[in-house]
Amino acid sequence: AAPSSGLGVGTRSSAVLAPQPDRVAVVTGGTDGIGYATARHLARLGMRVIIAGNNTGKAQEAVRQIQEETLNDKVEFLYCDLASLKSIRQFVQTFKKKKIPLHVLVNNAGVMMVPQRRTRDGFEEHFGLNYLGHFLLTNLLLDTMKESGSPGRCARVLTVSSATHYIAELDMEDLQGSRSYSPHGAYAQSKLALVLFTYHLQRLLAAQGSPVTANVVDPGVVNTDLYRHVFWGTRLIKKLFSWWFFKTPDEGAWTSVYAAVTPDLEGMGGRYLYNEKETKSLAVTYDLDLQRELWARSCQMTDITDVTPDTFSG
């Protein structure tokens, strides 16, 4: 495994991980923080990288910077608003028209502790954008990923969760926080839902014999703009102590980059990865009935077919 100190520009990634010139990656939220660092490092490894985001100006600047830094011109931007199911479907249509493979999907984008508000489809924003948007995006891209993967070189779905999932509760009776809303609770619940989703997805993929794996990555506590909605006192503490216990976005991105390409994880899925190592997630995430229930509900909300009953019927 790679050392777990900082990810230096052009050092750790290129020294430890093999070039990936024939691979294609989609990174959501690739304009800022961990997502930007992830996109940059994958580009440095020679991948064709598509940044999916909803801020065109920022994304074009990110693409320019990454191309300049990595000397890789195969970096591009496609518009995708994860708070809109329609926009996600349009993104997938546009991507599929390119007739290119997809080997790595990094579900990285997210909002954190925002005031109570709704997505275009009426979902609570943390649940709708962080979780449900990625649920739909992944499902719509799976057929391309299955075609792109092969035995011994699987395609990989990586979903960024957070240690906050350890203090989360999933209220299946009130997923939208209608009865009582807490920004912390809503954010933590979205990150817990992503873990349950990944584990069920991996079970489906394995049962289907698909050349695709699904894992969760936990970047640690990273100094990014996600904290802009956090209480001012917390922001102050973050400023004063960030040098001490916060990772840089480069360091936070490392587990995603590692999990995207390392041969050590070939064919392996259903894992929760922190600092490149597998660790246990919250006990409830291993509850197969809860995984199944959340998946079924998510299929209803996004209007896609739940393949679970057919997959496990035999």
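**Core**

I started with the largest nonpolar core of this predicted model. It has 52 residues, and Phe 91, Tyr 131 and Leu 170 touch the most other members. H5 gives the most, with 11 residues.

Leaving out residues up to four places away in sequence, Phe 91 touches Val 26, Ile 50, Ala 52, Leu 78, Tyr 79, Cys 80, Leu 137 and Leu 141. I also found another core apart from this one, of 30 residues, including Ala 59, Val 75, Ala 260 and Leu 265.

**Sheet**

Next I traced the strands. They form an open sheet of eight in the order E3-E2-E1-E4-E5-E6-E7-E8, with mixed pairing. E3 (75-79) and E8 (277-279) are the edge strands, each pairing on one side only. I noted an average twist of 25 degrees from one strand to the next.

E1 and E2 pair in the parallel sense over five bridges, and Val 27 has Ile 51 in E2 as its bridge partner. H5 lies across E1, E4 (104-107), E5 and E6, running at about 175 degrees to E4. H8 (residues 249-261) packs on the sheet too, touching E4, E5, E6 and E7 (272-274), and its direction makes about 165 degrees with that of E5.

**Helix pair**

Last, I checked H2 (residues 33-44) against H3 (residues 56-70): they pack at about 35 degrees, axes 9 Å apart, in a right-handed crossing. By class, I get five nonpolar, two polar and three charged residues in this contact.

Terms used: Residues are numbered from 1 along each chain as its sequence is written. This is a predicted model: local features need pLDDT of at least 70, side-chain atom pairs count only at pLDDT 80 or more; totals for chains, interfaces and linings use all residues. Side-chain values use heavy atoms; hydrogens and water are left out. A nonpolar core is a set of buried Ala, Val, Leu, Ile, Met, Phe, Trp, Tyr and Cys residues joined through side-chain atoms within 4.5 Å. Buried means under 20% relative accessible area, exposed over 50%, partly exposed in between (1.4 Å probe, protein chains only). Helices (H or I, at least four residues) and strands (E, at least two) are DSSP runs, numbered from the N terminus. Contact means heavy atoms within 4.5 Å. Axes are lines fitted to C-alpha atoms, for helices over the stretch in contact, and angles run from 0 to 180 degrees between N-to-C directions. A crossing is left-handed if the near helix is turned anticlockwise from the far one by less than a right angle, and right-handed if clockwise. Ala, Val, Leu, Ile, Met, Phe, Trp, Tyr, Cys and Pro count as nonpolar, Asp, Glu, Lys and Arg as charged, and the others, Gly among them, as polar. Two strands pair if DSSP finds at least two bridges between them.
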